[in-house]
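Please look through the model below with this briefing beside it.

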Amino acid sequence: MNRVRGWTDTIKDKLSNLVSDDIGIDLGTANTLVYVNGQGIVLNEPSMVALNQKTGQVVAVGADAKNMLGRTPAHVVAIQPLVDGVISDFEVTEEMLGYLIRKAQDGKTRFLGPRVVIGVPSGITSVQVRAVQDAAKNAGAREVFIVEEPMAAAIGIRLPVSEPSGSMVIDIGGGTTDIGIISLGGLVSAKNVRIAGDKLNEDIINYIRGEFKILIGKKSAEELKIATASVLDLETPLESTIRGRDLVTGLPREVIITDADIREAIAASVDQLVDAVKEVLETAPPEVVSDVMRRGIYLAGGGALIRGLSQLLGEHMGVPVYVPDDPLTAVVQGTGMILEDLSKYHEALITQSHEFSPTE
Ligand code: ADP
Ligand code: MG
């Protein structure tokens, strides 16, 4: 008996040296997360690559590249390969995917490469889907499966996506917000808008320039948003001190910003977001809408953490809106669940024959 067990263990060991663990990737505009089967989330890095323009070589990827931002000599540039939810630079995306896939495997290459599930923004074209697949194959993937992010988020949040019943997810990321209603493993209605974290940061920069005549950088705007943004009035107001360049004197100056300032700065964008969500609900089939009204709407992505947003959306839609425990990891967790049961989620994956209708 023991001898048999010993043998099977040895065979398992040998096999695991031959076959790579499967990998799930959330290719976000702001953050890229990687899940390895049996291990969970192993990487969580900004979607950024630093490139030496003289040699064309990649200098750094992820957090290392982000730290270089604004501190590099002129010939080294930090590139975000996904801008506004579309892949703007294929070579750089391929470099980043390759780096992540190798890093997820601890640099060990095996006889059979990993199967990889990649979450992409909804509404990317079939040409772009093919490019992502090629990039992952070139990076050593044995098989590549593509899933649209709202679908992956819904699976990650454990909504019953395979049932004949509507589930609605709003994934508010860095470059885009993906709004989707899912039933029977497919997207019934979806919309992809460019009102997300980056736009709110821009709104904040513009507002502070206009109101206080101070110029602040993107990083400060983001910190300010995370610390102070609330779309509803607060009982205890929030304040942050920020430092920027005075547009009149050219010298550094500090100013105190409140949640009321940020609310005003982002109000127009928040209104547009509410309208986009309304539009998706209005154009969805009535049966599906009644499912959503019963089940509620789920938020995902970093934008889900904006104070009061779920409540505000709930009031506008007349539907309860929920934020899962960890909205930033919903998509990558969904890719992990797909890996564990590819046959169950077969319908949810994009195949080559699928035709895309670009939105916006
Ligand atoms: P993507 O999927 O596009 O990579 P993420 O879901 O990772 O995006 O979310 C990143 C966005 O979420 C950024 O714009 C970031 O500023 C924003 N974000 C992260 N945490 C918070 C927070 N606590 N409050 C408001 N916004 C946040
Ligand atoms: Mg995302």
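**Sheet, hairpin and ligand shell**

An open sheet of five strands has the order 13-12-11-17-18, and its pairing is mixed; strands here are DSSP runs of E with at least two residues, helices are DSSP runs of H or I with at least four residues, and both are numbered from the N terminus. Two strands are taken to pair if DSSP finds at least two bridges between them. This is a predicted model, in which local features need pLDDT of at least 70 and side-chain atom pairs count only at pLDDT 80 or more, while totals for chains, interfaces and linings use all residues. Residues are numbered from 1 along each chain as its sequence is written, chains are lettered from A and ligands numbered from 1 in the order in which they are written, and side-chain values use heavy atoms, with hydrogens and water left out.

- The edge positions belong to strand 13 (186–193) and strand 18 (321–322), each of which pairs on one side only.
- Strand 12 (residues 177–183) pairs with strand 13 in the antiparallel sense over seven bridges, and within this part of the sheet T177 stands opposite V193 of strand 13.
- Helix 9 (residues 286–295) packs on the sheet, where it touches strand 11 (167–172), strand 12, strand 13, strand 17 (297–300) and strand 18, contact meaning heavy atoms within 4.5 Å.
- The direction of helix 9 makes about 70° with that of strand 11; the axes are lines fitted to C-alpha atoms, for helices over the stretch in contact, and angles run from 0 to 180 degrees between N-to-C directions.

**Strands 14, 15 and 16**

- Strand 14 (residues 214–215) and strand 15 (residues 239–246) run antiparallel and are joined by two bridges, with L215 standing opposite R245 of strand 15.
- Strand 15 also pairs with strand 16 (residues 252–258), in the antiparallel sense and over seven bridges, and here I242 stands opposite V255.
- Strand 15 and strand 16 form a hairpin with five residues between them, and in the turn G250 has a positive phi of about 80°.

**Ligand 1**

- Ligand 1 is surrounded by 16 residues, the closest being T29, A30, N31, E222 and K225, where a residue is near if one of its heavy atoms lies within 4 Å.
- Helix 7 (residues 218–228) gives the most to this shell, with three residues.
- An oxygen atom of ligand 1 is 2.5 Å from an N or O atom in the side chain of T29, and an oxygen atom of the ligand is 2.7 Å from a polar backbone atom of A30.

Conventions: A polar contact is a pair of N or O atoms within 3.5 Å; within protein, one must be able to donate a hydrogen and the other to accept it, and residues adjacent in sequence count only if both atoms are side-chain atoms.
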